[in-house]
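The sequence and coordinates are shown first, and the discussion follows them.

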Amino acid sequence: MFRIALFYSLLLAAASFPVCPLSGQHLSGYITDKASGESLIGVHIYDPESQTGTTTNAFGFFQMISPEDSLRLQLSYVGYQTVDTTIAVARSGPLKIGMQQAAELPEVEVHGTSTAGESRQLGRTMIPMEQLNKVPPLLGAPDPFKALALTPGISNGTDGTSDIYVRGGTPDQNLILYDGAKVYNANHLFGLLSPFNPDVVKDIQVYKGAFPARYGGRLSSVVDVSGKEGDKQRTIRKLTIGLVNSRLLLEGPIVKNKLSYTFGARSAHLAALLLLGGKGDGYQNYYFYDLNGKLNFKTDKSNLSLSTYSSWDNWLIAEQWTREQKSKLKSSWGNRTASLRYARATGKRLFLQGLLTYNRYQQSLSQKLVDVSGAISPLLSQAFIQEWDAKLDADYQASRDWQFNFGLEGGLLRINPRSVSVSSGIDSTLLGAAMTDWVLRLAPYVENEIRLGERLQLTGGLRFAFFRVAGGQQYAYPEPRLSMDLRAGPYLFKAAYAHMHQPLHLLTANAVGISNNIWVSAKAGVRPQSVIHYSLGAERPIGKEWFASAEVYYKKYRRLVDPLPGVDFLQTDLDQWEINSGLDGLGRAGGLEVMLRHEGERLSGWLAYTWSTSEVRFDRINDGNWYFRKFDRRHDVSVTGAWKMSNHWEFLTTFVLNSGYRLTLPHSLYFDPISNFPVAVYEGRNNEKTPLYHRLDIAFRRHRVYPSGRQWTFNIGIYNVYARNNPYYMIAEPNLEYRQPPGYTEPKLAVGNRANIWSFFRFLPFVNYTFSL
């Protein structure tokens, strides 16, 4: 089956090549930052004469075809001055255009505005760092993942987490890439910060619908993060000092205009330890770091880059119960990635890209207990995921109205879900160790984009996913993708369909506390999970400063996995994890997303609203009935604004309101006379909701740039201004008390439930300072 599908996929790609010469003259080129030489991703390039346009790719490269000898181009990009120029099409080499940054504090410009020539892809969000800087920073630091959660269809979990939930999906269903390499567990400091240093991030592209055929292996979204290439003109050194962490950025040319470097570092310091420190007979200690490095070599026709990323978190808890009894608990996790990428414009119409990546995610949990006799009983739990991937990708501009993308992607994954051992003295006992599994992935793909007249654009793609999983079991699936854009006057209507599969499952503990999440691979009897995604949207500008958009979606899941009630995988044999899990689960999710944006000279921002629902069903859970997922939320509202007070001062604010998350609480209690203890009675999984969540953040920012090029930025603000007690963790505890009912001479034992709520943050001021060295 796989060989036949592979043959037809390659045949489809070959058949897409034109068999006769095409009219028109070809124009290609690179768009860069005029001052630094950095490639600009997603620049909108528009020809008003033919009413056609395109955008630059990850290397700042674009291609167009014109029937005329000259071509008028209009270029627009967030935070940069608009370029309007006429170009001679008959050129011997690629065109080079440098764009000038706007004022020190540029107006907010939001990607997705429906002007001709911009990318019109349904469910796609682009966030350059200039736009991130318009969101009030948590603890003074811009955060990509927190900014994503302010857009429709994307939400965070709770305070203190940066996991993202996209259109009813779960965090494991998001494909997170940094310069092409996969990143797992995208958290720092309990999720307070995302894993990526904002100083080294150049651009973020998020796909939550209409997924391009070149992406696969996940169900909910693609978060593609591009790191800075490094300034090719001058050396830049920046240092940021904040309450929780400090950051260092070094970038500059090694060979001017050709070879550049970027180095970024971020780490926690004493302020974080004081903030999270424990009280009483014990203490907590937390540190983290991440390092980013990149070398980039660019010529007129090619680009070669080597990018590395490393992060590590370490959390230590020590408790002293008595003079003789104490414990130490340490939880650690981290990512290491490397990517080697080569891209080249070949001929007049073909752009090729080759990518090799490596990533390793590792987590461990250790505990040491000292009893009355002085004996030490260490427990150690470890897990890892290791991957090697390769990808060859090509873009071909067949004509002015026809272009297509095709390629081949493959990878080898090595996964160990968890091994648990206990040792005492010189002896060590292995409680449970899952076998290390190997997963082989291979996926050819092709995608055609055809423009039919000035109003209609169709994009059709096919990806064929092949997985060889644990035990030698093989699975093969075609993954069709289809989208349509139709312009009718000021309106742009969109529709999309996608079918995707994922060979990994994440077993998530149904409780809040020490992370007990387990990654496992599909195997014989446990097939890859899948989703069919339908979406429909419309958008239009309203005057010159307002823009409105709306999208509806529906998703059907199959072959989901969820742990059975009460299962703790820390002490469970993971070689047979499927025995303790619900398998072949069904899921359904749907929603409405609305966004209203304002782009004024001094005042700008947006209002985002999402109505959504997400349910699953398993034969062995909840009596086979449908139940809501944990982060099913009916309503989610966010308002973000930026006011340019003067040339150097900005006021930033964000308000968030949502329905809270689902959790399982006892419906009632009864007193067991045999055990002399109350027993909880439950009715359904995720049967209750936490209270309404809402929060207001404000920040003031002052920024100065001097003629010498030196600059500094000062941030001061408050997180959760009115100290709302939003729930981070909620649990029901039995409430036992003796009461004397009327007519009784002796008090009677009353049994009831009492809900306790813990909050992660309340009123939290912050300040940080960034300056050039």
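A salt bridge is taken here as a side-chain nitrogen of Lys or Arg within 4 Å of a carboxyl oxygen of Asp or Glu. In this model, which is predicted rather than determined by experiment, E38, K202, E229, K232 and K298 are linked in a network of such salt bridges. By the same rule, the count comes to 34 salt bridges.

**The chain as a whole**

The protein chain has 773 residues, of which buried residues make up 53%, and it contains four helices and 46 strands. Among contacts between residues at least 6 apart in sequence, 66% join residues at least 24 apart. The accessible surface of the chain comes to about 33,300 Å², and 57% of that surface belongs to carbon and sulfur atoms.

**Individual salt bridges**

Side chains of opposite charge can pair when their charged atoms come close.

| Pair | Distance, N to O |
|---|---|
| E387 and K182 | 3.8 Å |
| D290 and R266 | 2.8 Å |
| R634 and D632 | 2.9 Å |

In the salt bridge between E387 and K182, the closest N and O atoms are 3.8 Å apart. E387 belongs to strand β22 (residues 376-399) and K182 to strand β12 (residues 181-182), so this pair ties together parts that are 205 residues apart in sequence. Are these two partners buried or exposed? E387 counts as buried at 2% relative accessibility, and K182 also counts as buried, at 9%.

The side chains of D290 and R266 meet at 2.8 Å, N to O. Since D290 lies in strand β18 (residues 282-298) and R266 in strand β17 (residues 259-268), the pair ties together parts that are 24 residues apart in sequence. D290 is buried, with a relative accessible area of 0%, and R266 counts as buried at 4%. In the pair of R634 and D632, joined at 2.9 Å, D632 is buried, with a relative accessible area of 1%.

Which backbone atoms does the side chain of T262 approach? The side chain of T262 reaches the backbone oxygen of K228 at 3.4 Å, while a polar atom of that side chain lies 3.1 Å from the backbone nitrogen of G230. Leaving out residues up to four places away in sequence, T262 touches V200, K228, E229, G230, L249, L250, E251, N292, G293 and K294. One of these contacts, E229, is also a member of the salt-bridge network described at the outset.

R234 is placed in the loop between β14 (221-227) and β15 (236-242), and R234 is partly exposed, with a relative accessible area of 38%. With neighbours within four places in sequence set aside, R234 is in contact with E251, G252, P253 and G709. For R234 and P253, the separation is 19 residues in sequence and 6.3 Å in space, C-alpha to C-alpha. E251 is a contact of R234, and E251 is likewise touched by T262.

In soluble globular proteins, nonpolar side chains tend to be buried together. The largest nonpolar core has 24 residues, among which Y184, I385, L413, I415, V469, L504 and W519 touch the most other members. The elements that give two or more residues to this core are β18, β19, β20, β21 (350-370), β23 (402-424), β26 (456-468), β27 (474-488) and β29 (504-507). Apart from residues up to four places away in sequence, L413 touches Y184, I385, Q386, E387, D437, W438, V439 and L504. Among those contacts of L413 is E387, the residue that forms a salt bridge with K182.

On the surface, I254, V255, L295, F297, L304, L306, L340, Y342 and L356 form a nonpolar patch with about 760 Å² of accessible area together. The elements that contribute two or more residues to the nonpolar patch are β16 (245-255), β18, β19 (302-320) and β20 (326-346). V255, one of the patch residues, lies in strand β16 and counts as partly exposed at 42% relative accessibility.

Definitions and conventions:
Residues are numbered from 1 along each chain as its sequence is written. This is a predicted model: local features need pLDDT of at least 70, side-chain atom pairs count only at pLDDT 80 or more; totals for chains, interfaces and linings use all residues. Side-chain values use heavy atoms; hydrogens and water are left out. Buried means under 20% relative accessible area, exposed over 50%, partly exposed in between (1.4 Å probe, protein chains only). Patches are made of residues with over 30% relative accessible area and no salt bridge: like charges are joined within 9 Å, nonpolar side chains (Val, Leu, Ile, Met, Phe, Trp, Tyr) within 5 Å. Accessible areas come from the Shrake-Rupley method with a 1.4 Å probe; for residues, only the protein chains shown count as cover. A polar contact is a pair of N or O atoms within 3.5 Å; within protein, one must be able to donate a hydrogen and the other to accept it, and residues adjacent in sequence count only if both atoms are side-chain atoms. Contact means heavy atoms within 4.5 Å. A nonpolar core is a set of buried Ala, Val, Leu, Ile, Met, Phe, Trp, Tyr and Cys residues joined through side-chain atoms within 4.5 Å.
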